[in-house]
Number of protein chains: 2
Amino acid sequence: MSQVFADRRGRLRGRCAAAGSAAALVSRPANVRYLAGGSPPGSVLLIGAEDDVLLSPRAPGDDPTEGRVDEGLRQVVLPSAGGDPAVAAADLAQRSGADGLAVEEHHLSVARYRALGSAAPQLRLGDLGNAVEQERVVKDDDEITCLRIAAEITDQALGELLESILVGRTERHLALELERRLVDHGADGPAFPTSVATGPHSGRGGHRPTDRRVEEGDFLSVCLGADYRGYRCEIGRTFVIGTAPADWQVELYDLVFAAQRAAREALAPGTAYRDVDRAARQLLDAAGHGASLAPSLGHGVGLEIQEDPQLSPSAMGKLDACVPVTVEPGVHLPGRGGVRIDDTLVVRQEADGGPELLTITTKELLAL
Amino acid sequence: MSQVFADRRGRLRGRCAAAGSAAALVSRPANVRYLAGGSPPGSVLLIGAEDDVLLSPRAPGDDPTEGRVDEGLRQVVLPSAGGDPAVAAADLAQRSGADGLAVEEHHLSVARYRALGSAAPQLRLGDLGNAVEQERVVKDDDEITCLRIAAEITDQALGELLESILVGRTERHLALELERRLVDHGADGPAFPTSVATGPHSGRGGHRPTDRRVEEGDFLSVCLGADYRGYRCEIGRTFVIGTAPADWQVELYDLVFAAQRAAREALAPGTAYRDVDRAARQLLDAAGHGASLAPSLGHGVGLEIQEDPQLSPSAMGKLDACVPVTVEPGVHLPGRGGVRIDDTLVVRQEADGGPELLTITTKELLAL
């Protein structure tokens, strides 16, 4: 595994050199983990012209859920009163003779940035921008394997819930049970706070579970995902509680399902991000739901549950093969509820069978 | 309730005026919640010379766990493609005639700061520093009531766990069960990721639960806390599994208990933060554990689980009445395990009975 991380750091070093910066400071935790294998809390990674160093504050102990740091990487653990590792890294870069240091201006706070400047006044600070995030967009086979396992775990947890009695239980309890089942099946934890939404709450993106109980006739929408070795997937499904759905429920479900399928079918290398969004959005818009849609109908997943690319009307760029994304349109009717259907897929060439669906739980409208 | 938030904003407005800034931009979520009653994800609060405005990105819906926004406060929800609320706030401040805007440089990223400067070039940007964090240190009666309820919930969840069979269960499962019980008893959620550490893991601060199972003869240390209406408390206890602890276990437990008691007894208005730390640290140091101690043996709690003050050797400042803090020394012997004892208390005048212990679960060494 060590070579993978060394290669990733080598690519970043090449980019920095090409941009005229001898050294780079990576502080965003998911970026540190991508390049170093692990990201002990508060650690930063200094990419030098030759040598790389992971600087960490003194930690209470190993934390396996933050990943295992590449053994080929030099690690420095600062003493108790050692201050900010980012400042120590800037000092180290200056002492090693670097004249420039590219930092993650979108992550580093103004106060930390000023402290770097004071500690290493001879360093010219530049902006690394989203260089590491861009490297992370296309996944390698090992990363996709982790996502596939995360999706299997998620499907198992959801499948078990569907076999249990749901009426009378609260959103909070169902969410906690799903999270317990994720861990039972081998997840390092939930990929994000599990959402369970019943009745008038159903169909809302990011709904936080309340004490509302599941009732006959409700729509029930759930959104969950496993974190497996740092890689996070997402599934969302909507069910109806009782023997038969009402007409408005079937109609709304069919509409959202058609929109979600259209966006899934648009997933191909070379397709513009915005065109994936539009495939779903135009169907929902034509049905009169345009004004209430979320700003984005899908996004990349990986070491973070929301990462590049965004599938939204204003997104710039095109899909590549081996980019895992979510496709997650939803419609919520205030006071009544709604439908949300969410899958994680990997973009593949047509010749390779087209988009690979990772979250395989059925998307029929089940009456539970 | 609305008056409480208006008063808090009024105090901040006064500080800004005294520092020569007509307006302030609050972006750190806990600070936004403190001043506005709620903090919808991504929202920022503009404190103007006369009027205050909460600016939020378009949200999927109400999220009660982020708190309810003060109804007396003007709210602006940006359109889907409305960009960064902080930039919109700077633009608004400039158009309303402010010449200066104090921002939270310790929270705002360099990239956002630059975007503010571009959007509102006539605004002189200053640093608000930790002004809001400082206001948050001393709690009012309503805040302490929330913490007291959070502690009651936490004691209940822990008490129930102690009545169940523990041998053979994994750290992960015990942690998930504790979190479920917190929610059962009325918590909005766990205040932080619950830590359960068995055998050689025991006594480590911030240990993330693994698949290790509880065994006879183990030390078992747990650390958990409830979030109640945004207010977060913390309790840590160490138990021994089996009929009777070993001699080394009793000895280590007595030592950590004595250190924790010494620090609790040092809590009084006017005591230096570092003297509270020292009261515990010197006992542990004298017993030969000085080198392995955490940098800080306690900290403030409130809307964040770690907030000012820090109780550490290098901390500057003195305790006030009505400041809630944790006291949490621990010793971990590599390969063997250890002991950690953690309470949440409120600093009170001697005449008012001295420090108020919120987390009342027994600190005897229980054999479970």
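**Words and their grounds**

Author: Let us begin with helix H2 (residues 29–36) of chain A, where 7 of the 8 residues are buried, so the helix is largely enclosed by the rest of the structure. This is a predicted model, in which local features need pLDDT of at least 70 and side-chain atom pairs count only at pLDDT 80 or more, while totals for chains, interfaces and linings use all residues. Residues are numbered from 1 along each chain as its sequence is written, chains are lettered from A and ligands numbered from 1 in the order in which they are written, and side-chain values use heavy atoms, with hydrogens and water left out.

Reader: What makes a residue of H2(A) buried, and which residues are buried there?

Author: A residue is called buried under 20% relative accessible area, exposed over 50%, and partly exposed in between, with a 1.4 Å probe and protein chains only. In H2(A), Ala30(A), Asn31(A), Val32(A), Arg33(A), Tyr34(A), Leu35(A) and Ala36(A) are buried. After H2(A) comes Gly37(A), whose phi is positive, near 90°. Over the whole of chain A, buried residues make up 55% of the 368 residues.

Reader: How many helices and strands are there in chain A, and what makes a stretch count as one?

Author: Chain A has 9 helices and 19 strands. Both are DSSP runs numbered from the N terminus, helices being H or I with at least four residues and strands being E with at least two.

Reader: Why is the radius of gyration of chain A said to agree with that of a compact globule?

Author: The radius is taken over C-alpha atoms, and the globule rule is 2.2 Å times the number of residues to the power 0.38. For 368 residues a compact globule would have a radius near 21 Å, and chain A has 23 Å, which agrees. The C-alpha atoms of chain A fill a box of roughly 70 × 45 × 35 Å along the principal axes.

Reader: What are the domains of chain A, and where do their bounds come from?

Author: Chain A is divided into domain 1 (2–136) and domain 2 (138–357), with bounds that come from an automatic or database domain assignment. The C-alpha centres of domain 1 and domain 2 of chain A lie 34 Å apart. Their contact (heavy atoms within 4.5 Å) takes 9 residues from domain 1 and 11 residues from domain 2.

Reader: Why do E8 and E12 of chain A stand at the edges of their sheet?

Author: In chain A, 3 strands form an open, antiparallel sheet in the order E8-E9-E12, and two strands pair if DSSP finds at least two bridges between them. Strand E8 (195–198) and strand E12 (235–240) each have a single partner strand, so one side of each is left without a neighbour in the sheet. The twist averages 10° from one strand to the next.

Reader: How do you know that E9 and E12 of chain A pair, and which helix lies across them?

Author: Strand E9 (residues 219–224) and E12(A) are joined in the antiparallel sense over 6 bridges, and Val222(A) stands opposite Arg237(A) in E12(A). Helix H6 (residues 141–162) of chain A lies across E9 and E12, running at about 15° to E12(A), where axes are lines fitted to C-alpha atoms, for helices over the stretch in contact, and angles run from 0 to 180 degrees between N-to-C directions.
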